[in-house]
Amino acid sequence: MIHPVMHQSIIAAFLAALLCTPAAAALRPNVLFICVDDLKPLLGCYGDARIQTPNIDRLAARGLRFDHAYCNQAVCAPSRNTLLTGLRPDRIGIYDLATFFRKAAADAVTFPQHFKSQGYRCAALGKILHVGHGNSDDPRSWSVPSWRPKGGHFIHPPESAKGPITEAADVPDNRYADGMIADEAIRRLKSAAPDKPFLLAVGFIKPHLPFCAPGRYWDLYQREFFKPHSLTKPPEGAPALAATDWGELRQYDAIPQNGPLPVETQLEMIHGYHAAVSYVDAQIGRVLDTLESTGLAGNTVVVLWGDHGWHLGDHGFWCKHTNYEQAARIPLVIAAPGLAPGAISAPVETVDLYPTLCGLAAIPTPAGLDGSSLVPLLNEPSLPGKGHAFHVYPRGQRIGRAVRTARHRLVEWKVPGAEPGSAEIELYDYLNDPAETRNLAAEQPESVAALRKLIDALPAAKAQWKPAR
């Protein structure tokens, strides 16, 4: 007699083999992967009472919301490299914006490249990989050339090279770039071939700086209801290198080159972030409406993913570029046919998405990926999962490798290959100090030792890739 668990495994293997035949390719689920730049979990479905995000909220209501999801580095290019390759930044050795990932990982097979080899038509719209600063797209990942909007950043041309931090123009949604991206996504969904599964990656740009959105989204909020963050200092006892000077923001007009932001500017930033989130939420809603109206929703896996979080004045920080909670924590929602809605509290990380999508599509998972499939959690949300997530941030020659558990975050700042004793250590206890006000590494040596063992089990961190001389 076959054991029930073995019997289920045999059935699963049979179905996977069946779905790998060309004749059955149309039975595979489509994948709509929605990427949002600089989106933190400041959303109604994550408990924020002020933000207006009805469309993301309705996706979360029919899907599974991950409450402790983390990026693998809080900056655009490395985060997206991890998403596509399934390899962490410290494994590849790319932490900057400018380095194309194939320079350091030439033979990596990205998840859309893998899906393409399994019979999927794969396309990218908007911002998926980071393109710019010398970086480029990856044509071998896509079945057709990637599509990007032309223009749509400012309605009123800025007088300086960078321009203002905000704009609120009285224009239709598709005068700005994200409205154009939604238009193109709608066209692609309406023209999807019925006999070939697709993977459509749709990358929205807002709420990335500058905070530009049609005026009606600004009108959803009253400026006087916002307040500057009450926590204005870095954690007590944290090493100086852990902080950010938010140089990204300081490039914009009327932003001081050093020191804090004036209160009026802080309120403009907070208001602008809310307006930009509501604007992109409306574009996501248009895409989801089309998925429903075309009849594709019943056989489509939908993923909503933010590439990293964003500091809105906490600790005196703005932008991302740290290992702290507000920069590292991301929204993640997965809705798939046959999955019951709910919430998952286990810590997960971006690198887990590659094997998860393979599992949901019943295609083979390549060997050598850094993440773990989330399919068991999707089927049983109460499971503990692997219990931790890893992320990194570089400062000069040091790499801050972090491990986040349900209770703690430990960050080990060390030059790759240097002796363990040379590291600077941060430890935060979110049960007793959820706002990260104090570095507790000296007070909780047992926790430090246990968490460093998790980091020690990882492959050695690589330094930033550089071309051979």
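Reader: Why is Asp 314 called buried?

Author: The relative accessibility of Asp 314 is 4%, and buried means under 20% relative accessible area, with exposed over 50% and partly exposed in between (1.4 Å probe, protein chains only). Asp 314 therefore counts as buried. The model is predicted, so local features need pLDDT of at least 70 and side-chain atom pairs count only at pLDDT 80 or more, while totals for chains, interfaces and linings use all residues. Residues are numbered from 1 along each chain as its sequence is written, and side-chain values use heavy atoms, leaving out hydrogens and water.

Reader: What makes the pairing of Asp 314 with the side chain of His 315 a polar contact?

Author: The two side chains meet at 2.9 Å. A polar contact is a pair of N or O atoms within 3.5 Å, in which, within protein, one must be able to donate a hydrogen and the other to accept it; residues adjacent in sequence count only if both atoms are side-chain atoms. The contact with His 315 is between side chains. The side chain of Asp 314 also reaches the backbone nitrogen of Leu 312, at 3.5 Å.

Reader: Why is Arg 395 said to have no salt bridge?

Author: A salt bridge is a side-chain nitrogen of Lys or Arg within 4 Å of a carboxyl oxygen of Asp or Glu. For Arg 395, which is buried, the nearest side chain of opposite charge is Asp 245, 7.0 Å away; Lys and Arg count as positive and Asp and Glu as negative, and His and the chain ends are not counted. The side chain of Arg 395 does reach the backbone oxygen of Ala 243, at 2.9 Å.
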